[in-house]
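Hello,

Here is the structure we spoke about, followed by some notes on what was found in it.

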Amino acid sequence: MLRHALGRLLGVLPTLLMLITVAFFLMRVAPGGPFDSEKALPPEIEANLNAKYHLDESLAQQYFRYLGQIAVLDFGPSFQYKDWTVNELIAQGFPVSLTVGLLAMTLAFGVGTLLGITAALRQNTGVDYSLMGLAMLGISIPNFVIAPLLILLLAVYAGWLPAGGWDGGFASMVLPVVTLSLPVTAYVARLTRGSMIEVLNSNFIRTARAKGLPEIVVIRRHALKPALLPVISFMGPATAGMISGSVVIERIFSIPGLGSYFVQGALNRDYTLVMGVVVFYGVLIIILNFIVDLIYAWLNPKIRYDEKR
Amino acid sequence: MNKRYLILFTIMFSHALLGATLHRGLGPEPDSLDIHQAQGLPAIQILREIREGLTSFDAAGNIIPGVAASWKIDEEGRLYRFKLRNNARWSNGDTVTAEDFVRAWQRALSPATLARTASLLAPVVNAQEAMVGTTEPADIGIRAPSSDTLEIRLDTATPWFLEVLAHPVSYPLHADIPDQPSQAVVNGAFMIDQLTMHALIRLKKNPEFHAAESVSLDTVDYLPIEDPSSELSRYRAGELEITETIPAGRHDWLETYLPDELQVNPYIGSFWLGLNLKREPFAGNPKLRRALSLAVDRRIIARLVVGAGELPAWSIVPPRMGRYQPQAFEGSDLEQQSREMEAKRLYREAGYPSGTPLNIELRYNTSSQHRKIALAVSSMWRQVLGVNTDLVNEEWKVFVNSRRQGTLTQVFRGGWIADYADPTSFLDLFRSNNELNTTFYANESFDRLMDQAMVLEGSERIERLQRAETQLMKDMPVIPLYFYVSRHMVKSTVTGFEPNVRDIHLSRYLEVENPNP
């Protein structure tokens, strides 16, 4: 188990380096720079600006300077939000995205697995069909359709919930969390149903039933763990995606999370901001995948035994 | 009975104590709250609420005295002498002195600051030299003979300079400049109480402000909401009293269902299509340029394509710029049908007899609105003249570069929102030496008229500017399409909101009934 963990951990560094390199050069290949605007700056001022942000150095110099900065976790100043450093922006935005993402994730996995198991146990009945029909709807209707609909119904007409904004209170979280979790809930439900049905038809379940175990024990003790394996491996990237902030949800509900920095930063050629968010997001995905691997190994004896051999 | 009185009393009392809060939309997040780093309109708007320059704006957007109580301008229009009001104070109680202005301007024009809007101060003696580092900032033309007197020297008369003095770049700075600009001491009607990026900028009344007793609001909540549709939802849900804009395409709906709350007013902005005079087919071909201009039906563009109260444009300078009369191009008074006849005639004379159609490229920066306009214009050209137009869209940063270089562009999306409400803000763009002149229009008599206007005053100056625009419209380096409008939703509980062409609505003049507790 420990060897497995260490091996995975060592594989992380080259991945990260590759990510930084690709993102760094892609960003510089894009035409235009952070100071381009309708009014061109006087050349002397542009030269001063370039010197201040070290944009006057060669690309290789800049690249190694950036690697050096990253090593001490300094993402540098933002070009676009001049009063803040990228570290400060991430520190302000991430807790919000994390809160929304974790809540949505909990909701999605709780509700999703429950629905999936219910559908699997009532396979090919009306319950199954209607739940899976709903799930299909949840997957296929995009966020940017659901969100304005919910706002119109629950905020504008009914006035029960705020139409947007963020004050850290429960009311302002309900709509974004629910909207963000809907497609994931639906996907998890379908995933759970599929694998549950497969497990329920396997030999060891037949054995368990033949031993005369009550159905609830069969499911809880024998079927649940293997049935959740595909869901767990989906959970890693899904969690990373959700806690790093959704651009659509953040825009529609005006939530001060990390998501908008991706798009805004890229459009404004805010090199440091984009790089900072990419690196941060990359580390996040790698860590989460790592955790999922560990859970997976714990859940799935096959992996553990392979390692021991 | 007693209980009921108590409740009534509490309600009345709590309102009196809490005072009124106004909630306003801000658009995007401000880029900086440092007066010398701020560039975008949201940042400028917040800075105007929390700080004040020598001059300021009244509710109708007119220039009024700010920190200056009075001023004298010498006959040549190059020496300004300001007397500061004795009750102008910083939020920590210190007096605002003439030295605070000198300090701020030296910082604005020093190369180390890299102030983005410093070019507004270019008319000041030695300002341009200081910006590029050839003169010390100490040598610029601003002096404090005493702590309540300020002298500013300009290189040439600048009729709009009093408006520049109301722009954040010319505001005073307290001697203590903190690292985080939102924590700075300020001298405006409000000060920052709370700041959460992308969520809320809460301003509270500044008791030290010289006109504090006339300010009705205690709190102003500015909500940065980038998406106009979200802003409108929040307005309709009662979370905002004033929006920053309205979503494209919702104008008609709002006009039908919320007509009393919709505020659409003329604005100092102009939208046009630029023609690159450096390249074929427009170089030396004014007839072709005029033909393309006449073939466009501006009423359809303004009413049906952009459709939010915009005015069709027959000139470059928008209306309502003081006494200036915009100079419409020849043919603007005709019926559209006769204009199209004239367009066909000019097109033939320009060397395009039937059978040899013109192929051109129309370049615009990516936006669904710009695409709609480009599609409409190109189909008008095809219908009237048979011109084949290729639409090319580029992302903003790429677009501004290709427009500036002028090696790729033929027809391109252009436009301008004035920095100050004076016709020169628009006309200067077409001087041959202006780097913003992306049409590369160069006409000696236009330049000469503009130079003459610089040293003249009053009606003589206006006459020269009008002649310059007439010349411009004759040469047609651009095809004016429509004039911008400002668009807001304003709840009926808000009073003091006065429409104005500058679209400046300082919260110090606004009141809101039924304060939200």
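**Notes on the structure**

P145(B) counts as exposed because it has 10 C-beta neighbours inside 10 Å; the cut-offs are 12 or fewer other C-beta atoms within 10 Å for exposed, 20 or more for buried and anything in between for partly exposed, with C-beta atoms placed from the backbone. P145(B) sits in strand 6 (residues 142-146) of chain B. Its C-alpha atom is 49 Å from that of M476(B), a residue 331 places away along the chain.

This is a predicted model, in which local features need pLDDT of at least 70 and side-chain atom pairs count only at pLDDT 80 or more, while totals for chains, interfaces and linings use all residues. Residues are numbered from 1 along each chain as its sequence is written, and chains are lettered from A and ligands numbered from 1 in the order in which they are written.

Strands and helices here are DSSP runs (E, at least two residues, for strands; H or I, at least four, for helices), numbered from the N terminus. In chain B, strand 4 (residues 68-73) and strand 5 (residues 79-84) run antiparallel and are joined by five bridges; strands pair if DSSP finds at least two bridges between them. K72(B) has R81(B), in strand 5, as its bridge partner. Five residues lie between the two strands of this hairpin, and G77(B) takes a positive phi near 75°.

Chain B has two domains, domain 1 (17-216 + 490-512) and domain 2 (267-485), with bounds from an automatic or database domain assignment. Their C-alpha centres are 34 Å apart. Domain 1 of chain B gives 11 residues to the contact and domain 2 of chain B gives 12; residues are in contact if their C-beta atoms, placed from the backbone, lie within 7 Å.

Between the chains, 34 residues of chain A meet 35 residues of chain B. On the chain A side, helix 2 gives the largest share, five residues.

The largest nonpolar core has 187 residues, and W105(B), L109(B), L121(B), A291(B), A295(B) and L481(B) touch the most other members. A nonpolar core is a set of buried Ala, Val, Leu, Ile, Met, Phe, Trp, Tyr and Cys residues joined through C-beta atoms within 7 Å. Helix 7 (residues 170-200) of chain A supplies the largest share of this core, 12 residues. Both domains of chain B also give residues to this core, so it lies between them.

Regards

Note on methods. Contact = placed C-beta atoms within 7 Å.
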